[in-house]
Amino acid sequence: MKNNLFIIGNGFDRGHNMLTSYNNFKEWLIEEYPESKDIDNFIVSDATQMPKGEMYISDEALASFLFYCINETVGDDWANFEKALGKIDWELLFDDINDVIGKDGEVDLWKTAYAREDFTSTLHFNAYAFSKLFSQWVHTITYPANILRNGFLTDALKNSSVFLTFNYTKTLEDIYNIPPEQICHIHGVQDQNIVIGHGVEKPHLSAAPYSEDDFEDAYESDYDFGMEGIDDIHDSLRKPTKQILDQTLFFASLKHHSIENIFSWGFSLSAVDLCYIKEICKILDTKRITWHLHDRGNGDPDRFEPILRQCSFAGNITTFKA
C-alpha cells in the first residue's frame with residue numbers, strides 16, 4: 001500500500017537535461033529529413049499501392065507533410081505540437097484541387113466532388129505522418145552522459161509511491177531504479193506503442209449526402225462539398241483519452257492505496273489530459289489529500305491551482321522545490 005502519487009510530465013525529463021521538447025522533435029525531423037523544411041515547394045504526395053495491396057508513402061514525403069502542416073499552423077515554435085494537431089486548417093490544402101470542367105465548359109459538380117473525396121483519402125494516408133514520425137523520434141531519445149538523480153526522490157519516498165507518467169522515456173526505471181510495477185506510462189513508452197493527439201473540438205461539416213438538386217446550391221453558396229471527410233481526419237488525430245481511461249487499470253488500483261500526497265512534477269495540466277486528473281479526483285477522497293505542485297519559480301502554481309479546483313480537487317494545495 002502506497003501513500004504518495006507522483007504525476008510526472010515532460011518538465012521532469014527536461015529538468016534532467018534531456019532533449020524531449022516538441023521543438024527538439026522539430027530539430028530531429030529537419031536533421032533526419034532535411035528537405036522537409038522546404039515548405040515553398042511542398043506538395044501533398046499520393047499514396048502508392050504496393051504489390052500486396054498496401055498503400056505506401058515514403059517517410060521523406062510524410063516528413064514534408066508533417067512539417068508543412070505544423071509550421072503553417074503554429075509557425076516556428078512547436079511547443080504546442082499536440083494542440084496544433086487539432087488546429088490544422090485542412091481545407092486550405094484543397095486550394096490546389098481545381099474544379100473539374102465538363103464538355104459544356106461548366107463546372108462538373110459531381111466530378112469535382114469525387115476529386116475532392118479522392119484528395120481527402122490522400123490526406124488520410126499522409127496524416128499517418130504524425131504518429132509514425134513522432135514515434136520514430138521518441139525511440140531515438142537518449143540520456144545525457146552527465147545525467148544526475150534529483151535528490152528529492154529519496155529511497156523512502158520512491159518506495160512509498162506510485163507514478164503516473166506522461167513521458168515516453170524510462171527515466172524513472174533506468175535512472176531512479178523504480179520498479180515498473182509502480183509506474184504507469186499512460187501514453188506509451190519507448191520501444192512500445194506511442195500515443196499522441198489533440199483534444200480540440202471542431203464544428204463538423206455536414207455529412208448529409210447531396211441530391212443532384214442540392215449540388216448547385218451547395219456550389220453557389222461556396223459550401224465545401226466533397227470534403228466531408230475532413231472531420232474524420234481531425235477525429236483520427238484526437239487523443240483517445242476515453243479509451244485509455246477504460247483500458248488502464250492504474251486508476252482503479254488507486255483505491256487500494258492510502259494516498260495522502262499527490263506530487264505533480266513537470267506536468268503542465270494541459271486541457272487534453274485533464275480527464276485523467278478528474279478521474280483521480282473522482283476515485284480518491286481528495287479532502288484528505290495534499291497536492292504538491294512543483295515550483296520552478298515561474299508562476300505555475302498560481303496558474304495551476306484553479307485548474308485543480310475545476311477538476312474537483314478538494315484538499316490542500318502547496319508547492320515543493322526539487
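Welcome: the buried residues of helix α14 are covered by, among others, α13 (274-283), β7 (290-294) and β8 (316-320), where covering is judged by contact, meaning heavy atoms within 4.5 Å. This is a predicted model in which local features need pLDDT of at least 70 and side-chain atom pairs count only at pLDDT 80 or more, while totals for chains, interfaces and linings use all residues. Residues are numbered from 1 along each chain as its sequence is written, and side-chain values use heavy atoms, with hydrogens and water left out. Helices (H or I, at least four residues) and strands (E, at least two) are DSSP runs, numbered from the N terminus.

**Helix α14**

- In α14 (residues 300-310), the buried residues include D300, P301, F304, I307 and L308; buried means under 20% relative accessible area, exposed over 50%, and partly exposed in between (1.4 Å probe, protein chains only).
- These residues sit on the same side of α14, because they cover an arc of only 125° around the axis, taken from the directions from the helix axis to the C-beta atoms.
- D302 and Q310 are exposed on the other side of α14.
- Just after α14 comes S312, with a positive phi of about 80°.

**The sheet**

- Six strands make an open sheet with parallel pairing, in the order β5-β4-β1-β6-β7-β8; two strands pair if DSSP finds at least two bridges between them.
- β5 (183-185) and β8 stand at the edges with a single partner strand each, so one side of each has no neighbour in the sheet.
- On average, neighbouring strands of this sheet are turned by 20° against each other, direction ignored.
- Strand β6 (residues 261-265) runs parallel to β7 and is joined to it by four bridges, and F263 stands opposite H292 in β7.

**Helices on the sheet**

- α13 lies across β1 (4-8), β4 (161-165), β6 and β7, and runs at about 175° to β1; axes are lines fitted to C-alpha atoms, for helices over the stretch in contact, and angles run from 0 to 180 degrees between N-to-C directions.
- α14 packs on the sheet too, touching β7 and β8, and its direction makes about 145° with that of β7.

**Helices α3 and α6**

- The axes of α3 (residues 59-74) and α6 (residues 128-138) come within 9 Å and cross at roughly 105°.
- That makes α3 roughly perpendicular to α6, a label for angles of 65 to 115 degrees, with under 35 counted as roughly parallel, over 145 as roughly antiparallel and the rest as oblique.
- D59, L62, A63, F65, L66, C69 and I70 in α3 meet A129, F130, K132, L133 and Q136 in α6.
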